[in-house]
Amino acid sequence: MKLKISQILEDHLEEAHKIYNYYIVNSYSNFEETKLSFKTFYKNYKNISNNKLPYLVALNNEKVVGIAYLNKFRNKSGYKFAFENTIYVHNEYIKQGIGYQLLKKLITISKKNKKIKKIVAVIAGIDCNASLKIHQKIGFKNSGILKKIGFKNGKWIDSILMQKNVWKK
């Protein structure tokens with residue numbers, strides 16, 4: 001596989017949207033319960049872009065095989081330096097290191113942005129081993145667990161919190 005990771009373009013959004021919605025329907029990693037419309041997905045993309053935050057795409061021969069981005073951790077001014085990461089890999093390309101490469105590139109780009117000081121990963125507690133491993137490998141530290149905080153498909157789900165400092169004091 002010849003993988004290329006770059007800033008996402010609007011041309012990639014349709015395929016990225018399909019990947020995102022796949023995880024809503026087929027996993028517990030996304031706490032949304034119904035698919036996002038393309039309009040809502042596009043609005044999220046524009047919000048991230050307008051805030052000058054990284055939004056990456058992984059391409060294999062021009063096919064979108066993964067996405068990763070940062071968004072505000074919370075919409076309160078005291079969290080202005082904290083951002084939450086999101087990573088999704090096309091279901092036919094999992095376990096090939098794409099998620100790790102996307103996260104690594106996301107961290108590299110984030111270190112160049114003076115407003116990004118902390119990155120938080122909020123990881124669903126069901127089927128999460130791969131996500132935990134790539135975050136640990138890149139230096140994220142466990143910060144805690146929110147017990148039974150999410151509810152999807154009749155199940156209560158924990159959220160595992162991890163964080164990484166991306167700035168040097």
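Start by selecting aspartate 158 and lysine 147: their side chains meet in a salt bridge at 3.9 Å, N to O (a salt bridge being a side-chain nitrogen of Lys or Arg within 4 Å of a carboxyl oxygen of Asp or Glu). Aspartate 158 sits in strand β7 and lysine 147 in strand β6, so the pair ties together parts that are 11 residues apart in sequence. Colour by accessibility and you'll see that lysine 147 is exposed at 60% relative accessibility, while aspartate 158 is partly exposed at 22%. Here buried means under 20% relative accessible area, exposed over 50%, and partly exposed in between, with a 1.4 Å probe and protein chains only.

Some housekeeping before moving on. This is a predicted model, where local features need pLDDT of at least 70 and side-chain atom pairs count only at pLDDT 80 or more, while totals for chains, interfaces and linings use all residues. Residues are numbered from 1 along each chain as its sequence is written, and side-chain values use heavy atoms, with hydrogens and water left out.

**Next: β6 and β7**

Show residues 141-152 and 155-165 as cartoon. β6 and β7 pair in the antiparallel sense over eight bridges; two strands count as paired if DSSP finds at least two bridges between them. Strands are DSSP E runs of at least two residues, helices are H or I runs of at least four, and both are numbered from the N terminus. Click on leucine 146 and look across: its bridge partner in β7 is serine 159.

Now pick isoleucine 149, also in strand β6. Leaving out residues up to four places away in sequence, isoleucine 149 touches Phe31, Ile157, Asp158 and Ser159, where contact means heavy atoms within 4.5 Å.

Phenylalanine 31 comes from the loop between α1 (13-26) and α2 and is partly exposed, at 33% relative accessible area.

**Zoom out: the whole sheet**

Turn off the side chains. What order do the strands of the open sheet follow? There are seven, running β1-β2-β3-β4-β5-β7-β6 with mixed pairing. β1 (3-7) and β6 stand at the edges, each with a single partner strand, so one side of each has no neighbour in the sheet. On average, neighbouring strands are turned by 25 degrees against each other, direction ignored.

Go to β3, residues 63-72. Is β3 mostly covered or mostly open? Mostly covered: eight of its 10 residues are buried. On one side, six bridges join β3 to β2, and the two run antiparallel; alanine 58 stands opposite glycine 66 in β3. Stop at the hairpin of β2 and β3, which has two residues between the strands: asparagine 61 there takes a positive phi near 50 degrees. β3 also pairs with β4 (residues 82-89), in the antiparallel sense over seven bridges, and isoleucine 67 has tyrosine 88 as its bridge partner in β4.

**On to the helices**

Axes are lines fitted to C-alpha atoms, for helices over the stretch in contact, and angles run from 0 to 180 degrees between N-to-C directions. Glutamate 10 lies in the loop between β1 and α1, so the pair ties together parts that are 36 residues apart in sequence.

Then select serine 110 in helix α3 (residues 98-110). Serine 110 is buried, with a relative accessible area of 0%. Beyond its neighbours within four places in sequence, serine 110 contacts Pro54, Leu70, Ile116 and Ile119.

Last stop: histidine 135, in helix α4 (residues 129-137). At 3% relative accessibility, histidine 135 counts as buried. Show its contacts, again skipping neighbours within four places in sequence, and you get Asn85, Ile87, Leu103, Ala121, Ile123, Phe140 and Met162.
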